[in-house]
Amino acid sequence: MQTTFVVHVEDRPGVLNRVASLVRRRGFNIESVTVGRTEMTGMSRMTLVVDADEAARPRLKAHLYKLVHVRRVCDLTDVPAVTRDLAMIKVAADPSSRAEIMQLVDVFRARVVDVAPESLVIEITGTEEKVDGLLDMLRPYGILETARTGRVTMARGAVARQNGVRQPRQPWTGAADDANVAWSV
Amino acid sequence: MDAKQMTGAEILWECLVREGVTDVFGYPGGAILPAYDAMLRFPIRHILVRHEQGATHMADGYARASGKVGVAVATSGPGATNMVTGIATAMMDSSPIVCITGQVGSKLIGSDAFQETDITGITLPITKHNYLVTRPEDVAPAVREAFHLARTGRPGPVLIDITKDAQQRSCALDWEGAAPAQHKPPLPPPDAALCGRALELIAAAQRPVVLAGHGVMLGDATRDLQDFISRTGLPVAVTLLGIGGLPASHPRNLGMMGMHGEAWVNTAIQESDLLIALGMRFDDRVTGNLKTYAPQAKKIHVDIDAAEIGKNVPVDVGIVADLKDVLQAWQPKLTRCDIGRWIARIDELKGDSAVRDIQNLPDDGHLYAAHVIHDLWRATHGNAVVVTDVGQHQMWEAQYYKHETPRSLITSGGLGTMGFALPAAIGAKVACPDAEVWAVVGDGGFQMTMAELATAVQEQLAVKVAIVNNGYLGMVRQWQEFFYDGRYAATPLLSPDYVKLAEAYGLAARAITTRADVTPSVEAARRTKGTVILDFRVEQEDSVYPMVPAGADLHQMIRRPSPIVETGADA
């Protein structure tokens, strides 16, 4: 089953390698991983989607916490969250099919970001299902190239509660009373 | 800040000295030369090994014998890759070591330069953490954090790879500024609600068994475990690495559990209604078939590593904490458990299967390994630090040598690294120069790392070596006998004449072929200064009993075949 972790890591050389290597080493498969800077200097945020069953989830989380540069791991699998995937799709389009494709783009609330004599580049942001839906519709015209970012997930609301406990979503920054982050081992 | 400029190499040794390091095990080479040159100016004893694998095992043995962090040093490329086995061994057995490797100059990284290898990449999954240091300013923070990580939480190996230019270039040492960063909050005290729930289960149990592992020693909780047992009267089974956590002579110490554990220990676990696992990890060699493991038992699991809770065995109460803190939190609330019938049941199991083929093995001119270990135990009064290799002799040692004190058995458990014993024994001897250190090895494992004999001689480290020599890779041969219809593929093993070998190194040695000669030889070895080799030519096709075949139910043990009748008396 697909498990979504949001992992805050210190922005150090090799940190992505450490996370990826850990997941591989423990016998799991990464479905998708995205990394980017955050509003905090030196801190990056990963959305990690892993195929892991119910029993393995807490264990994988505990393993992630054992990495020195991991500051917080949030399991968003069962939490209300917004998930987005960004795709750029280059599709074959000549003057005869261009108008039809543009209509599809409108329906999917996507955007055309490049027009060439024989192709279009379409940008779409949405859930994976929505992106897949547009891809299905475009396939008959001839898809020349696609690029997808993989999933980016953020929990809804300012904070969330789990078992009645406030769950911060930010990396651990030294608060002694923060009971929601695991400790170093 | 000390304004004085120091080279990265000098900073390295200065930091090691300030971390309390007095001895390092290593082997020089091109990329680590600046560090070796600087070493001469620091109060550090360097033990020159014969292979870098030996350096890591020595650092490991040093750490396990003393509880201090062991340090191994090697050069880049092959020096570093030779350390991999020793690092993996330390990782599996949670042993605190710091490995320092030289690396090619920072400008050459990635260019396939001479003796360049990506050792931080290679050791990523077998270290707690590792560092690639390319600037002298980063040496002190890496060393300080490495020592902190190696010895705190669940201990383990940390590697620091330092480029040659980082060793050569200079900067000022900022010791205070190099203090380990706090990446995560410190370990909180044990959860009171979970402790309460555990105490309820303990009070209600009819047939409880405590499972004590390596964590008892790593967490420095041997005293607390004894208090816990005195207070409750609970029976204790120990893992291989848990041996010594409770004195073997303690009336509630049942002995070792698992694949080669005593029959009554495994049977008691299978019949129990509560397992209290303390600092152990339910390894497959301990549980057998997980589906049928202790089916009626509730499980309490205390471990400092959250990733171990529920990994192999689902638990009813999992407490992630320092074991010592948990036992101390429990202590005032403990009462004596009313388990007289259960103890009687265990005694009955003991009586029926009871010991120890040992006195039942016929003394008919053959020499049995069990006798060798038993007599070694007697002759050393159970006071030696015994370092074993891996295989049959390791299991016989665990069964027949009675360890009374913590850290007196040093053995490669998790990784099962052959070749571990001799170098680890040398490391233990460096850590505890006054201890009587015995390396108990098989003829296979000894031949893997026997080059380290020269290290013992050169450094004048007296390690007594007992080779349990059966002319086979014995444990593999046993599996071939039991599970592969006795086809001995590649297990018959030739040995050199160990007496002559010892002579070449200037050492005393003796080959022993009869039981009558065992004790006098051990006593002679104890009287001899320096390293001694005893070559025990034991029965060739003897097997370790009882045995739970891999993946079988824990109570489905292969027992020693008749006609040997088992009795209860101790020899």
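User: Which are the buried residues of α9(B)?

Analyst: This is a predicted model, in which local features need pLDDT of at least 70, side-chain atom pairs count only at pLDDT 80 or more, and totals for chains, interfaces and linings use all residues. Residues are numbered from 1 along each chain as its sequence is written, while chains are lettered from A and ligands numbered from 1 in the order in which they are written. A residue is buried if 20 or more other C-beta atoms, placed from the backbone, lie within 10 Å of its own, exposed if 12 or fewer do, and partly exposed in between. In α9(B), the buried residues are Cys195(B), Ala198(B) and Ile202(B).

User: Is His381(B) buried or exposed?

Analyst: His381(B) is found in the loop between α16 (369–379) and β15 (385–388) of chain B, and its phi is near 55°, a positive value in a residue other than glycine. Because His381(B) has 9 C-beta neighbours inside 10 Å, it counts as exposed.

User: How many C-beta neighbours inside 10 Å does Gln115(B) have?

Analyst: Gln115(B), in the loop between β5 (97–103) and α6 (119–122) of chain B, has a phi near 60°, which is a positive value in a residue other than glycine. Gln115(B) counts as partly exposed, because its number of C-beta neighbours inside 10 Å is 16.

User: What is the omega of the peptide bond from Tyr545(B) to Pro546(B)?

Analyst: Pro546(B) has its place in the segment after β20 (532–537) of chain B. The peptide bond from Tyr545(B) to Pro546(B) is cis, and its omega is near -10°.

User: At what angle do α11(B) and α14(B) pack?

Analyst: Axes are lines fitted to C-alpha atoms, for helices over the stretch in contact, and angles run from 0 to 180 degrees between N-to-C directions. The axes of α11(B) and α14(B) are 9 Å apart, and the two helices pack at an angle of about 30°.

Note on methods:
Helix = DSSP H or I, 4+ residues; strand = E, 2+ residues; numbered from the N terminus.
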